[in-house]
Amino acid sequence: MGMKKKMLFGALMLATSTAWAATGAKTGIAQYELSGFVADFTHFKPGDTVPQLYRTDEYKIKQWQQRNLPAPDAGTHWTYMGSAYVLINDTDGKIVKAYDGEIFYHR
């Protein structure tokens with residue numbers, strides 16, 4: 001590849017990466033937020049109701065800080081389904097928010 005082509009390629013790569021960064025790539029814990037996930041061979045999304053099993057104390061996450069999760073709002077708690085941390089309402093088990101389990105390793 002000639003020098004001219006290399007320089008053109010480099011400029012194109014720089015412009016592409018700059019444009020991608022400007023599109024609002026998520027950072028921090030927002031990059032782990034899920035719009036949907038699969039658990040127990042079922043697709044779930046915010047607004048869905050989780051099975052009763054995930055509303056039990058056995059699945060309730062009390063040490064959410066150690067998993068890099070935000071504090072649950074009053075009347076909600078964190079649970080774990082499949083490979084996702086899921087914030088659900090205490091009263092009806094509806095999903096408020098979900099994060100990829102990789103958030104545990106977030107620094």
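**Thr-79**

The cut-offs I used: buried is under 20% relative accessible area, exposed is over 50%, and partly exposed is in between, with a 1.4 Å probe and protein chains only. Thr-79 sits in strand 3, residues 76-81. For my own reference, helices (H or I, at least four residues) and strands (E, at least two) are DSSP runs numbered from the N terminus.

Next I looked up what Thr-79 touches, leaving out residues up to four places away in sequence. I found Tyr-54, Tyr-59, Ile-61, Ala-84, Tyr-85, Val-86 and Ile-88. Contact here means heavy atoms within 4.5 Å. The Thr-79 side chain also reaches the backbone oxygen of Tyr-59 at 3.2 Å. That is a polar contact: a pair of N or O atoms within 3.5 Å, where within protein one must be able to donate a hydrogen and the other to accept it, and residues adjacent in sequence count only if both atoms are side-chain atoms.

**Thr-76**

I moved along strand 3 to Thr-76, which also lies in that strand. Thr-76 counts as buried because its relative accessibility is 12%. Which backbone oxygen does its side chain reach? I noted the one of Asp-73, at 2.6 Å. Again skipping residues up to four places away, Thr-76 touches Leu-87, Ile-88, Asn-89, Asp-90 and Val-96.

I zoomed in on strand 4 (residues 84-89), which pairs with strand 5 over five bridges in the antiparallel sense. Two strands pair if DSSP finds at least two bridges between them. Leu-87 has Lys-97 in strand 5 as its bridge partner, and Tyr-85 stands opposite Tyr-99 in strand 5. Strands 4 and 5 form a hairpin with five residues between them, and Gly-93 in the turn has a positive phi of about 75°.

Phe-41 is not a glycine, yet its phi is positive, about 60°. Phe-41 is in the loop between strand 1 (37-39) and strand 2, and is exposed, with a relative accessible area of 87%. Asn-68 has a positive phi too, near 65°. Asn-68 is in the loop between strand 2 and strand 3 and counts as partly exposed at 23% relative accessibility.

**Confidence**

Last, I looked at pLDDT, the predictor's confidence in each residue from 0 to 100. The chain averages 83, and 77% of the residues score at least 70. Where is confidence lowest? It is lowest in helix 1 (residues 3-22), at a mean of 46, and highest in strand 2 (residues 42-44), at 98. Over residues 6-23 the pLDDT is below 50, and that stretch has two contacts beyond near neighbours in sequence.

**Ground rules**

Residues are numbered from 1 along each chain as its sequence is written, and side-chain values use heavy atoms, with hydrogens and water left out. As this is a predicted model, local features need pLDDT of at least 70 and side-chain atom pairs count only at pLDDT 80 or more, while totals for chains, interfaces and linings use all residues.
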